[in-house]
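Student: I should like to learn how to read a protein structure feature by feature. Where might we begin?

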Amino acid sequence: MSSGMFRAATQGTRALRSAAAGPTIRAMLSSTTSRSTRAVLQRTLRPTLTASFHTTPLRFTSEAGSNPMKESPVITPEHITVGGKTYPSDKFTNVTPTILEKTTRQLHLIPKHPVAIIKDLIASGFPGFKHYDTFSPVVTTKENFDDLCFSDDHPGRAVTDTYYLNEKVMLRTHTSAHQLKVMTESDKILVTADVYRRDEIDASHYPVFHQMEGAQLFDAKTAVDVIRKEIAQSTSAASGSIHTTDTTLITPENPKQDCHDEAAMLATADHLKHSLNMMVRKLFSHEKDLQVRWIDAQFPFTSPSWEMEILYQGKWLEVLGCGVIRQDILNNAGKPDKIGWAFGLGLERLALVLFGIPDIRLFWSKDERFLRQFEPGTIQKFKPFSKYPACIKDISFWSNDQFHENNFCEIVRDVAGDIVEDVQLIDEFTHPKTNKRSMCYRINYRSMDRNVTNDEINVLQEKLRDEVVNRMKVELR
């Protein structure tokens with residue numbers, strides 16, 4: 001559940017709040033995309049998305065070894081091979097070579113990487129939990145959506161938001177795609193993984209990021225007594241001050257589940273909030289008087305649900321989403337006699353803030369000047385090693401009814417990769433006579449580790465112009 005599930009519930013809405021960046025949880029979508037709209041999107045976007053594929057097999061260079069995810073992905077018009085397994089392509093296929101290359105990186109398993117450092121610090125606050133961090137990113141739509149109570153017309157299923165290998169197989173959009181498997185194996189679990197979302201391009205968004213989720217289950221009949229003892233023991237061992245504000249209420253909008261005993265539900269909620277308070281106290285140990293506030297939230301897989309925010313450098317920072325697990329999910333996991341909680345968070349979001357990293361692309365840098373700054377178990381501020389000049393180019397075109405910004409950004413990534421720092425819509429208007437919509441995007445090209453020349457960028461820009469016309473059927477201005 002968790003960042004996985006909590007982030008996926010808000011998929012389709014992108015927002016940057018306070019000093020934080022990356023995945024946001026608050027933007028819960030109250031409306032959903034209709035079946036007819038999804039069908040149109042799937043039909044009209046297919047020509048745009050398949051243009052990334054080559055007529056001859058495309059292989060990537062990566063480190064092989066015992067880990068199958070280190071094997072090079074292979075793409076042909078008919079098949080995709082990733083993690084040592086081959087999947088047939090179909091009309092839903094929209095995953096690109098640029099994205100598949102990322103499946104071999106596994107930043108959360110590199111001990112000196114900021115993402116892994118945050119992961120390990122959080123895990124150290126949950127002793128006795130079974131930690132899973134090597135699952136393949138390839139999952140079924142059933143695992144990613146159906147098993148987690150996502151409606152058929154949920155916007156997270158749209159091909160504009162999610163990377164599909166085919167109609168039934170995809171790159172996970174959240175770590176919770178593995179929740180049924182792990183819940184059958186343990187009552188205390190942590191899951192960390194890379195997840196994939198089609199997204200905009202700027203310093204705080206990237207189509208691949210890392211999530212961490214946790215869950216703990218209790219026997220429903222004995223939960224109250226067990227939880228009281230656990231909270232008493234952990235409180236006596238806690239160190240450092242933490243000031244919490246909790247005005248949340250159980251209401252019809254954020255209800256107790258009918259099948260739950262009220263005392264057991266309240267005890268589970270108390271254990272959840274206490275555990276997470278202790279976790280952030282450890283993570284933000286440099287904050288002398290940490291201030292935390294709890295806010296009511298709504299998610300399709302927990303009820304009641306909450307969000308946690310902390311006051312950091314004068315601004316409220318959203319840290320995670322959480323709640324009491326929906327009982328039908330536990331029933332599906334073969335745990336009908338259990339009650340439990342789950343939380344989830346984005347690791348890049350925390351790493352950007354705690355390490356002071358200004359651009360999310362840096363996490364994917366192979367430059368030793370970045371990687372050698374960090375040590376396992378230690379949070380130390382990032383020291384910029386360069387700021388190369390930008391090269392700015394604009395592209396204007398007459399749009400059409402099938403245009404979607406995520407598809408445009410995907411083409412930009414395919415053409416220029418991580419040389420693009422951000423993409424912004426700077427102008428749009430509708431022609432009063434033809435009713436055609438004009439759009440102008442500004443593309444900021446800037447490498448993180450070298451100077452780029454205007455001639456080099458001109459070549460990329462020309463290629464981008466051609467690709468946008470060919471794949472999106474727009475008319476350049």
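Tutor: A disulfide is a pair of cysteine sulfur atoms within 2.5 Å. Please keep in mind that the model before us is predicted.

Student: How many disulfides does a search of the whole structure find?

Tutor: The search of the whole structure finds zero disulfides.

Student: How should I read the sides of a helix?

Tutor: An α-helix has 3.6 residues a turn, so residues three or four places apart point the same way. Consider helix α13, residues 454-472. At 1.5 Å a residue, its 19 residues should span 27 Å, and the end C-alpha atoms are 26 Å apart, which agrees.

Student: Which residues of α13 are buried?

Tutor: They are Ile 457, Leu 460, Gln 461, Leu 464, Val 468, Arg 471 and Met 472. These residues cover an arc of only 115° around the axis, which puts them on the same side of α13. Asp 455 and Val 459, on the other side of α13, are exposed. Just after α13, Lys 473 takes a positive phi of about 55°.

Student: How does one describe a pair of helices?

Tutor: Two packed helices are described by the angle between their axes and the distance between the axes. Here, the axes of α4 (residues 114-123) and α10 (residues 347-355) come within 9 Å and cross at roughly 100°. That angle makes α4 roughly perpendicular to α10. Among the residues making the contact are Ile 118 and Ile 122 of α4, and Leu 350 and Leu 354 of α10.

Terms used. Residues numbered from 1 in each chain as written. Predicted model: local features only at pLDDT ≥ 70, side-chain atom pairs only at ≥ 80, totals over all residues. Heavy atoms only, no water. Helix = DSSP H or I, 4+ residues; strand = E, 2+ residues; numbered from the N terminus. Expected span 1.5 Å × (residues − 1). Buried < 20%, exposed > 50% of the residue type's maximum accessible area, 1.4 Å probe, protein only. Arc of directions from axis to C-beta. Axes fitted to C-alpha atoms, helices over the stretch in contact; angles between N-to-C directions. Parallel < 35°, antiparallel > 145°, perpendicular 65-115°, else oblique. Contact = heavy atoms within 4.5 Å.
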